[in-house]
Structures are given as structure tokens and as C-alpha cells.
Amino acid sequence: MAKSRTKKRTHVGANNPKHKAPPPGRSAVQDPKSMVIRIGAGEVGSSISQLAKDVRQVMEPGTASRLKERRANRLRDYVTMTGPLGVTHLLLFSRSESGNTNLRIATTPRGPTLHFRVEKYSLCKDVRKAQRHPKGGGKEYITPPLLIMNNISTPGADANSKVPKHLESLTTTVFQSLFPRINPQTTPLKSIRRVLLLNREPAKDKDDGSFVLNFRHYAISTKPAGVSKPLRRLDAAEKLLSAKNRKGGIPNLGKLEDISEYMIGGENGEGYMTDGTSGSEMDTDAEVEVLEDAPRRVLSSKARAAKLENADKPTDSDERVERRRVTLVELGPRMKLRMTKVEEGLCSGKTMWHEHIHKSRQEVQDLEKRWEQRRQEKEARRKQQKANVEKKQKEKAASGAKKNKDGEGAKDDDDDDEDVDMNGYNSDLFDEMMEQDEMDSEGLAGDGEEAVGQEMDDDEWEDEREEIAG
């Protein structure tokens with residue numbers, strides 16, 4: 001009789017690895033996760049909505065790609081869900097009343113928040129229309145992009161500069177934390193399919209206190225170097241023959257008598273050209289040497305012994321190194337970001353740096369005193385709330401016999417306690433939300449949340465008036 005099967009993968013006691021590699025297109029548990037949100041869903045317009053979708057593609061796979069914003073949703077609704085969902089960053093797009101497009105990059109749960117003004121932008125569809133051979137829609141988005149930052153830090157910058165040194169370091173840290181870390185020694189080259197380039201524009205003069213970043217997104221493609229174009233086309237045709245879709249890409253050899261006519265191109269071999277014999281200048285800066293990943297034959301014991309005897313004479317086949325040409329194809333979107341402000345908290349708190357407003361040392365000290373007073377008041381409220389909760393629990397325990405007789409009253413009290421816990425009155429984050437309901441200390445009118453809420457309330461009140469009058 002056959003032995004009964006014992007499940008070892010999904011049942012209790014299974015010896016599953018703790019750190020299992022994530023499936024393709026999914027992010028690991030410890031990887032950073034982000035949410036790209038358009039604040040004021042009905043106010044930003046179609047272009048900003050499409051820009052938010054394009055940025056979500058850039059942040060793949062560690063982002064909420066199918067996020068649907070509602071017009072009534074506010075920022076604190078998303079902030080509340082960042083903890084249970086494990087979201088580490090929020091990218092908030094909004095539009096002000098004057099028409100300026102703003103981007104805020106916030107680190108949860110305590111900040112800081114970088115405020116940018118999107119001066120110029122191009123959508124992915126605009127970038128593809130301008131290209132002769134656009135690329136996209138393949139396997140580029142199953143792995144996170146490689147982040148490259150250029151000219152972020154300025155030589156000779158200090159704490160007294162227009163753009164202080166700590167601001168440059170903070171910006172570098174925030175953008176680095178958006179994507180998972182990689183190890184150059186262990187990361188396979190095939191997993192790096194995209195590049196996100198952040199280039200800071202140099203300052204025009206010493207008194208220029210602007211911080212402008214150029215946002216570019218590219219796909220990486222590699223081709224064998226030193227190989228003729230006909231041979232590359234045959235290699236591409238071989239891959240197409242094994243694929244399901246065989247449309248295009250296969251050379252037409254119907255009028256040729258032999259394959260050599262296609263490879264040589266003439267009686268004297270004038271048509272066979274490589275990168276070195278084509279007459280054009282060779283660009284070796286874009287060529288790299290990588291280990292060949294083609295499968296190799298397993299050698300027998302005699303062959304391995306002979307290989308060890310000839311170890312002092314290495315051959316090209318043993319090195320398994322091939323030269324490949326690396327090219328970048330832009331995917332989009334493009335953005336020109338000007339930093340306007342840095343806040344200490346999550347879209348709230350002290351202003352650490354401002355592009356246009358510069359305070360004196362006395363004003364900074366006054367602000368510090370004001371923030372310290374707010375902190376003390378918040379701490380006092382927290383203690384008072386905690387004392388009230390403990391007092392209520394003691395009263396409930398003392399009158400337990402009476403509440404047991406009146407089951408409905410006990411149920412109501414339990415509901416009240418659950419409301420207290422669920423509302424989060426004991427959390428610092430909820431206090432900050434209640435103090436600053438709009439979550440926007442700069443006064444940016446790009447959210448359009450309060451205006452929308454007031455309009456909805458007014459409409460509901462007018463409907464009730466009509467019903468009462470009717």
C-alpha cells in the first residue's frame with residue numbers, strides 16, 4: 001500500500017525558508033513601499049492624473065499601482081493606512097489655485113517632507129512619440145530601477161551656505177530610501193533593467209540658493225559588441241522563432257542561394273562588416289565585459305583532469321567573458337523639480353529650510369520656544385486623556401455587578417471604549433492631525449480638500465432644507 005502524502009510546505013511545522021526570494025514582479029517584505037497619490041482627485045486635471053500614473057510605473061514593483069483616489073479622501077486617510085500596509089513613502093501630487101503643480105515626498109510615519117514645484121514635465125506618451133524606436137511594455141517593470149544621483153552634493157558647502165550641507169545629505173538619504181539597496185557583488189545583472197537618473201543643475205552664481213533636480217527614467221538594453229549587423233539579425237530571428245508571436249524581425253533570404261551571400265554580402269566579402277571595419281568611430285565607453293550566461297557542457301573526469309593539467313594555459317573559452325554594448329532608451333516621464341521647502345514632520349511640523357524665506361537667529365529661537373510650548377501642551381493633554389481612560393476603567397470595574405444585570409448598558413460602554421482606542425486619542429500622530437487638519441503648513445492651496453469638503457457640506461445642507469420646506 002502506498003504511503004500517505006504529508007504536506008510540508010503549507011502546514012504547521014514545515015521547514016520553509018524564512019527569507020524566501022519574492023516572485024517576479026513583487027517586492028520583498030523588507031523593501032521600501034510607496035504610494036503615489038493625487039490630492040484633490042477632481043481638481044488636478046487629466047495631465048497631472050496621467051503624470052501620477054507614470055510615476056507609479058517608475059516606482060514599480062514596490063508601489064500601489066492600482067490605487068484609486070476618491071474625491072472625498074483626505075491626506076490623513078492615506079496616512080492612517082500606511083502603518084497596516086507597510087508603506088514607507090508618500091508621493092503627493094497637487095495643483096495650486098494659480099496653476100502650479102507641486103510634488104511632496106514624505107517619509108512615514110514621522111517625516112521629513114520634501115516640497116518640490118514641478119516646473120516642467122513630459123508624460124511617457126509624449127516621450128514615446130518623439131522616439132523612432134520606443135521601448136516599453138516588457139519585463140522592465142518587474143524589478144526596481146537603479147538610482148543614479150549626480151551633482152547632489154556641492155563641494156565646499158557648509159551649514160551657512162544658501163543650500164546647506166545637511167539639506168543635500170537629507171535629500172540624498174530620502175531618495176536612496178525610496179528603492180531597495182543592492183550589492184554589486186551579488187546582484188545579478190539581469191535584474192537591473194531600468195535606470196532612474198536625478199541630476200542637479202549647477203548654481204548660476206554663489207548667491208543662487210535654488211535646488212533644481214532633473215528627473216529622467218531610462219530602460220537598459222544590451223547588444224553583443226564586435227558582431228556584424230547580419231549576425232545580430234539572425235540571432236534576433238532565432239529568438240523570435242521560439243516565441244509565440246513571430247511577426248517581423250526575420251530577414252528575407254528567399255532570393256539568396258546560400259547563407260554566405262547574406263553574411264558576406266558580395267563576391268569579395270565587401271559586405272561583411274563589424275564595428276571595427278565599418279569605418280565609423282568605435283565608442284568603447286558604452287561597452288562592458290560580462291560573464292557569459294550560456295549553458296556549458298558538463299566535463300567528464302578525464303576532461304577535468306586534462307583541464308587541471310593545462311591550468312597554466314588559460315584560453316578564451318575558459319574565461320567566459322563577452323563584450324556587450326549598453327544603450328539607454330528613455331521611458332519617461334521627465335520632470336524638472338525645484339525644491340521650495342523642507343518640513344520636519346509628515347507634511348507638517350517645523351520648517352527646516354525654505355527657498356525664499358530666511359529667518360534670523362532670534363526668529364529661529366522664538367520659533368523653537370513656540371514649538372516647545374506646543375510639545376508641552378500636547379504632553380499634558382496626553383496625560384489627561386490617559387488619566388480619564390484609567391478613571392473610566394476603574395468606575396467600570398467597581399460597578400461590574402450592576403452592568404452585568406443591564407447587558408445593553410455594558411455593550412454601550414464597550415463600544416465607547418472601542419471608539420476611544422480606534423480613534424487613537426493616545427497617539428501623537430492623531431494629535432498632530434487634529435491640530436492641523438489640512439496637513440499643509442505652507443498654505444499650498446493645491447490640495448483643494450477643504451474647499452471640496454465645504455461644497456459637499458453646503459450641498460447636503462441645502463438638500464435637507466428643501467426636504468424640511470417640502
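**Figure 1. Contacts across the sequence in the predicted model.** Take the contacts between residues at least 6 apart in sequence: 72% of them join residues at least 24 apart. The model shown here is a predicted one. Its 470 residues include 29% that are buried, and its secondary structure comes to 13 helices and eleven strands. The accessible surface is about 32,200 Å², with 49% of that area belonging to carbon and sulfur atoms.

**Figure 2. A close-up of the largest nonpolar core.** Here we look at a core of 34 residues, in which Val55, Phe93, Leu103, Phe116, Phe175, Met335 and Met339 touch the most other members. Several elements each supply at least two residues of this core, including helix 1, strand 2 (89–95), strand 3, strand 4, helix 4 (165–176) and strand 10. Helix 1 gives the largest share, five residues. Apart from this core lies another one, of 13 residues, with Leu67, Tyr78, Val79 and Leu90 among them.

**Figure 3. Phe175 and its partners.** Follow Phe175, and leave aside its neighbours within four places in sequence: Ile105, Leu114, Phe116, Leu147, Met149, Leu198 and Leu213 are in contact with it.

**Figure 4. The largest cavity and its lining.** The whole structure holds two cavities of 30 Å³ or more, and the largest has a volume of about 100 Å³. Helix 1 (46–58), strand 3 (101–107) and strand 10 (334–343) each supply at least two of the lining residues.

Figure 5. Not counting residues up to four places away in sequence, Ala52 touches Val36 and Phe93. Pro333 is 281 residues from Ala52 in sequence, yet their C-alpha atoms are 9.8 Å apart in space.

**Figure 6. Lys120 on strand 4.** Now turn to Lys120, which sits in strand 4 (residues 113–122). Lys120 counts as exposed because its relative accessibility is 58%, and exposed means over 50%. Beyond its neighbours within four places in sequence, Lys120 is in contact with Arg334, Met335 and Lys336. Between Lys120 and Met335 there are 5.7 Å from C-alpha to C-alpha, although the two are 215 residues apart in sequence.

**Figure 7. Two cis peptide bonds.** Another joins Gly332 and Pro333, with omega about 0°. Pro333 is placed in the loop between strand 9 (321–330) and strand 10.

Figure 8. Asn151, in the loop between strand 5 (146–150) and helix 4, has a positive phi near 65° without being glycine. Its relative accessibility is 33%, so Asn151 counts as partly exposed. Cys347, in the loop between strand 10 and strand 11 (351–354), is another residue other than glycine with a positive phi, here near 55°. Cys347 counts as buried, at 1% relative accessibility.

Terms used:
Residues are numbered from 1 along each chain as its sequence is written. This is a predicted model: local features need pLDDT of at least 70, side-chain atom pairs count only at pLDDT 80 or more; totals for chains, interfaces and linings use all residues. Side-chain values use heavy atoms; hydrogens and water are left out. Helices (H or I, at least four residues) and strands (E, at least two) are DSSP runs, numbered from the N terminus. Buried means under 20% relative accessible area, exposed over 50%, partly exposed in between (1.4 Å probe, protein chains only). Contact means heavy atoms within 4.5 Å. Accessible areas come from the Shrake-Rupley method with a 1.4 Å probe; for residues, only the protein chains shown count as cover. On a 1 Å grid over the protein atoms alone, a cavity is a set of points where a 1.4 Å probe fits but cannot get out, and a pocket is an open set with protein on both sides within 12 Å along at least five of seven lines; lining residues have an atom within 4 Å of a point. Grid points are joined across faces, edges and corners, and a volume is the space filled by probe spheres set on the points. A nonpolar core is a set of buried Ala, Val, Leu, Ile, Met, Phe, Trp, Tyr and Cys residues joined through side-chain atoms within 4.5 Å.
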